[in-house]
Amino acid sequence: MQLKLDLLEQILNIVDRSPKFDVRKLRAETIKDPKWVAFGAGNIFRGYIARIAQDLVNCSAFDRGVNVIQGRDYEMLDTVYEPNDNLAVSVTLANDGNFSSEIIANIAEVVKMTLRPERVKEIFRKPSLQIISYTITEKGYDIYNSKGELSDVVKSALDNDPCISSHVMVASVGFLYERYLAKLPVTLLSLDNLSKNGSILKKAILRIAEEYVARGKLEREFLDYLNDDKWVTYPWTMIDKITPGPDPNVANYLQTIGFEDVGPFKLCNGAICSKFVNSEEAEYLAIEDKFANGRPDFSKAGVFLVDRATVEKIETMKVTACLNPLHTTLAVYGSLLGYDKIWQEMNDPVLVKLIKRLAYDEALPVVEDPIVIDPVKFVDEVINKRFANPYLPDSPQRIATDTSMKISIRFGKTINTYIALGKDVTKLRYIPIVLAGWLRYLLAVDDNGCEFTPSPDPCIEELQESLSEQSYERAIVDDKIIDLLSNEKYFGVNLNSIGLAENVLRYFSEMCQGKGSVRRTLEKYTK
């Protein structure tokens with residue numbers, strides 16, 4: 001059976017959960033008077049955010065679907081959205097092997113931003129619009145190069161109408177200008193794994209807007225609009241739900257219950273996509289309750305509505321201690337040790353010891369309890385249930401994507417907390433081991449001495465140039481690696497100035513002694 005609106009009644013007979021509303025009516029009303037616009041159409045959006053919005057409609061807490069805007073990678077839209085009438089199948093993967101399927105039907109339209117900027121402008125001018133959400137990954141907010149200057153992509157966009165840029169931050173400024181002219185409030189909601197994500201979003205928007213104002217292309221009052229909570233708010237959020245790439249086993253399951261041609265498909269850019277999205281059972285979303293133009297009652301869909309301080313505590317707990325650092329650790333060392341599934345790594349006693357000591361011994365002691373979620377129970381669930389789920393097809397290679405954008409947040413913040421508390425950072429062991437492992441990973445040679453291709457990363461060439469004199473059989477201390485360890489963009493702190501670089505270099509050197517040296521080093525320090 002194909003994913004088509006005309007076949008929806010039949011489709012609903014073969015899935016476990018279905019929409020409890022008139023799909024065509026909801027979509028028509030959403031296109032006419034949108035309330036929620038979403039930038040980013042990837043897995044986390046389809047598997048979690050769109051489903052939350054649908055849950056709200058199902059329980060009568062919301063009366064609109066979602067209008068999706070995509071800035072680039074249109075082949076994905078052409079492959080999994082448009083041919084399927086914007087329907088998707090969401091499959092939840094339980095630890096006991098049971099699969100639960102649900103049809104996501106509340107995506108009213110998917111707009112190719114650079115091809116239909118007038119439609120996006122029209123949406124932004126609607127008084128009904130309440131929320132503009134972003135699921136564009138860490139790099140989507142990055143407007144600077146490694147020197148702290150505006151990137152070439154942003155600089156080139158500044159010479160043109162921002163609404164035609166493929167950079168979501170630049171285009172957002174142009175579309176928000178339309179809303180400013182209409183004198184209408186709105187909330188910009190970052191739903192990406194970023195520390196203080198609302199502030200990062202705000203800073204990027206303001207920085208670009210300031211450039212346009214300085215060039216005389218936008219009036220200065222527009223900056224006042226963007227800075228005034230009465231008009232625009234940027235709530236902080238914490239999101240947590242593992243949504244790996246499509247698993248062939250899930251595709252087989254969907255075929256057995258009656259679906260056809262669900263994928264996975266390989267796109268021209270190498271990305272893998274499908275008509276379905278698979279994800280774990282566990283999920284957490286906390287949102288700062290600060291909205292400029294109203295909102296649905298998110299709590300009806302299991303979302304924590306809290307103040308900013310609580311969001312920060314939850315986010316810090318998750319991003320710097322209880323999940324993301326452990327994920328990055330497994331990503332780096334899984335790639336080096338030849339694993340292609342996270343759950344397989346959880347059968348490796350050395351790696352389990354490493355992430356446990358990283359979490360319990362070094363990260364948790366400096367994390368403030370957010371009260372609404374217990375940190376110890378959270379990390380227990382991560383290690384004993386979530387990462388160990390053999391039915392969750394997550395790979396270290398997927399997690400290793402864009403690691404250069406993540407290290408400063410996932411490890412640098414904890415290091416800075418130690419410094420702020422007056423603790424001796426030179427006594428840290430496991431954080432430096434992870435940083436050393438990342439350097440070893442960047443050499444693109446695994447622990448068996450075989451070359452591999454690192455996961456995509458916007459800074460990979462620059463990083464590998466900094467390590468050009470290093471070998472998996474011999475490490476040397478040269479100016480390049482010293483300069484790299486001083487780069488706060490990557491590490492969140494100057495590792496040389498705080499005395500931690502020596503530890504990182506020692507572990508790195510031990511891992512660069514030929515075949516098997518990575519595992520020997522881990523075994524030595526996790527005894």
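Pro264 sits in the loop between helix 10 (248–256) and strand 10 (265–266). The peptide bond that joins Gly263 to Pro264 is cis, with omega at about 5°. This is a predicted model, and these angles are computed from it.

Now step back to the whole chain. It is divided into two parts: domain 1 covers 5–305 and domain 2 covers 310–526. Their C-alpha centres are 29 Å apart. How many residues of each domain are in contact with the other? On the domain 1 side there are 37, and on the domain 2 side 31.

An unreviewed entry lists residues 36–251 as "domain: Mannitol dehydrogenase N-terminal". Over that stretch the chain is 38% helix and 19% strand. Its end C-alpha atoms are 30 Å apart. The unreviewed entry also lists residues 311–502, as "domain: Mannitol dehydrogenase C-terminal". Here the make-up is 56% helix and 0% strand. The end C-alpha atoms of this span lie 35 Å apart.

Helix packing comes next. Take helix 11 (residues 308–322) and helix 15 (residues 375–386). Their axes come within 11 Å and cross at roughly 45°. Helix 11 and helix 15 are therefore oblique to each other. The crossing is right-handed. Which residues meet? Helix 11 brings Met317, Lys318 and Cys322, and helix 15 brings Pro375, Phe378, Val379 and Val382. By class, this contact has six nonpolar residues, one charged and no polar.

Further along are helix 17 (residues 407–420) and helix 18 (residues 430–442). Their axes come within 11 Å and cross at roughly 150°. Angles over 145 degrees count as roughly antiparallel, so helix 17 is roughly antiparallel to helix 18. Helix 17 passes helix 18 in a left-handed crossing. From helix 17, the contact uses Ile407, Phe411, Thr414 and Ile415. From helix 18, the partners are Ile431, Val434, Leu435 and Trp438. Seven of the contact residues are nonpolar, one is polar and none is charged.

The last pair is helix 22 (residues 501–511) and helix 23 (residues 517–525). Their axes come within 7 Å and cross at roughly 130°. That makes helix 22 oblique to helix 23. On helix 22, the residues in contact are Arg506, Tyr507, Glu510 and Met511. They meet Ser517, Val518, Thr521, Lys524 and Tyr525 of helix 23. How does this contact divide by class? There are four nonpolar, two polar and three charged residues.

The contact of helix 17 with helix 18 has no charged residues. The contact of helix 11 with helix 15 has one, and that of helix 22 with helix 23 has three. The angles can be read in the same way: roughly 45° for helix 11 and helix 15, roughly 150° for helix 17 and helix 18, and roughly 130° for helix 22 and helix 23.

Notes:
Residues are numbered from 1 along each chain as its sequence is written. This is a predicted model: local features need pLDDT of at least 70, side-chain atom pairs count only at pLDDT 80 or more; totals for chains, interfaces and linings use all residues. Side-chain values use heavy atoms; hydrogens and water are left out. Axes are lines fitted to C-alpha atoms, for helices over the stretch in contact, and angles run from 0 to 180 degrees between N-to-C directions. Helices (H or I, at least four residues) and strands (E, at least two) are DSSP runs, numbered from the N terminus. Angles under 35 degrees count as roughly parallel, over 145 as roughly antiparallel, 65 to 115 as roughly perpendicular and the rest as oblique. A crossing is left-handed if the near helix is turned anticlockwise from the far one by less than a right angle, and right-handed if clockwise. Contact means heavy atoms within 4.5 Å. Ala, Val, Leu, Ile, Met, Phe, Trp, Tyr, Cys and Pro count as nonpolar, Asp, Glu, Lys and Arg as charged, and the others, Gly among them, as polar. UniProt positions are given in the numbering used here, feature names are shortened, and annotations may be inferred rather than shown by experiment. Domain bounds come from an automatic or database domain assignment.
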